[in-house]
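Trainee: I would like to go through some of the labels used for this model and the rules behind them. Where do we start?

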Amino acid sequence: IFQNHFQKSQKMKPIILILTLFSLLACNNDDDSGKDNGGNTFYANFNGQTIEPEWESGFGLKYTFYVNRYWENENSWQISVGSENDLHLTMYILNINETGTYPIETANLEDWTNGYSKTCIFLEDGITAQLSFLSLGNTGSFEITRYESERGILEGSFSCDMYDPQHPEIIKPISGNFKINMETHPNYN
């Protein structure tokens, strides 16, 4: 009887493994329940596509909304967002002193390696890792609606035109908004 039961259990192991695999694959990866972004939000629209941070899993969960403040001047911010549709946006907003309007400058490829050089926006194709669109000066601005430097709170919206560095005649608009609170941001707690 014991040998017969052992043989049956050995035959069942592959079936149990297959069923376990199917149940793991059936899990909904879009379920963000239980994941708290601490009120930190980002949304942009570019060429009919949405750019929003997502929760990625791998070696733990991570929120693809990154914020840095320049170590030499904490009133200069870098905001980076990776989205599900493989668009990666990086924005630099320099010398924020208070709420108000901060004009967006023309970015060029050299600015990418010299961060914090100007208030601008870069859009990267996550598949090819190429900068596909850059901000065009005198076409828009960052509107900062809340700023508390000591607490790390930055809120506002932005809009401007973006140009293709390979084909400068191709111009497309971008717009969006953001809320950042470094005290509650999931990547900094």
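**Aromatic pairs**

Mentor: Ring pairs join Tyr70, Trp71, Tyr92, Trp112, Tyr116 and Phe122 into a cluster. The model is predicted, so local features need pLDDT of at least 70 and side-chain atom pairs pLDDT 80 or more, while totals for chains, interfaces and linings use all residues. Residues are numbered from 1 along each chain as its sequence is written, and side-chain values use heavy atoms, with hydrogens and water left out.

Trainee: Why is the pair of Trp77 and Tyr147 called edge-to-face?

Mentor: The ring centres of Trp77 and Tyr147 are 6.2 Å apart, which is within the 6.5 Å limit, and the planes stand at 70°, which is over 60, so the pair is edge-to-face.

Trainee: How do you know whether Trp77 is buried or exposed?

Mentor: Buried means under 20% relative accessible area, exposed over 50%, and partly exposed in between, with a 1.4 Å probe and protein chains only. Trp77 has 0%, so Trp77 counts as buried. Tyr147, at 14%, is buried too.

Trainee: What kind of pair do Tyr92 and Phe122 form?

Mentor: An edge-to-face one: Tyr92 and Phe122 are 6.2 Å centre to centre with 90° between the planes. Tyr92 lies in strand β7 and Phe122 in strand β9, so this pair ties together parts 30 residues apart in sequence. Both Tyr92 and Phe122 are buried.

**Strands**

Trainee: What makes β6 and β7 paired strands?

Mentor: Two strands pair if DSSP finds at least two bridges between them. β6 and β7 are joined by 6 bridges and run antiparallel, so they meet the rule. In this pairing Gln78 has Tyr92 of β7 as its bridge partner. The two strands form a hairpin with 4 residues between them, and Asp86 in the turn has a positive phi of about 65°.

Trainee: Why is β7 called largely enclosed?

Mentor: Of the 7 residues of β7, 6 are buried, so the rest of the structure largely encloses the strand.

Trainee: What makes a set of residues a nonpolar core, and how many residues has the largest?

Mentor: A nonpolar core is a set of buried Ala, Val, Leu, Ile, Met, Phe, Trp, Tyr and Cys residues joined through side-chain atoms within 4.5 Å. The largest has 30 residues, and those with the most contacts inside it are Phe42, Leu89, Phe142, Leu154, Phe158 and Phe178. Strands that supply at least two residues each include β1, β6, β10 and β12. Another core, of 9 residues, lies apart and has Tyr92, Tyr116, Leu131 and Leu134 among them.

**Salt bridges**

Trainee: Why is the contact of Asp111 and Lys118 called a salt bridge?

Mentor: A salt bridge is a side-chain nitrogen of Lys or Arg within 4 Å of a carboxyl oxygen of Asp or Glu. Asp111 and Lys118 meet at 3.1 Å, N to O, so the pair qualifies. Asp111 and Lys118 are both buried. The count by this rule is 5 salt bridges.

Trainee: What about Arg146 and Glu155?

Mentor: Their N to O distance is 3.4 Å, also a salt bridge. Arg146, at 32%, is partly exposed, whereas Glu155, at 17%, is buried. Salt bridges with shared partners join Arg146, Glu148, Arg151, Glu155 and Glu183 into one network.

Terms used:
Phe/Tyr/Trp six-rings, centres within 6.5 Å; stacked < 30°, edge-to-face > 60°.
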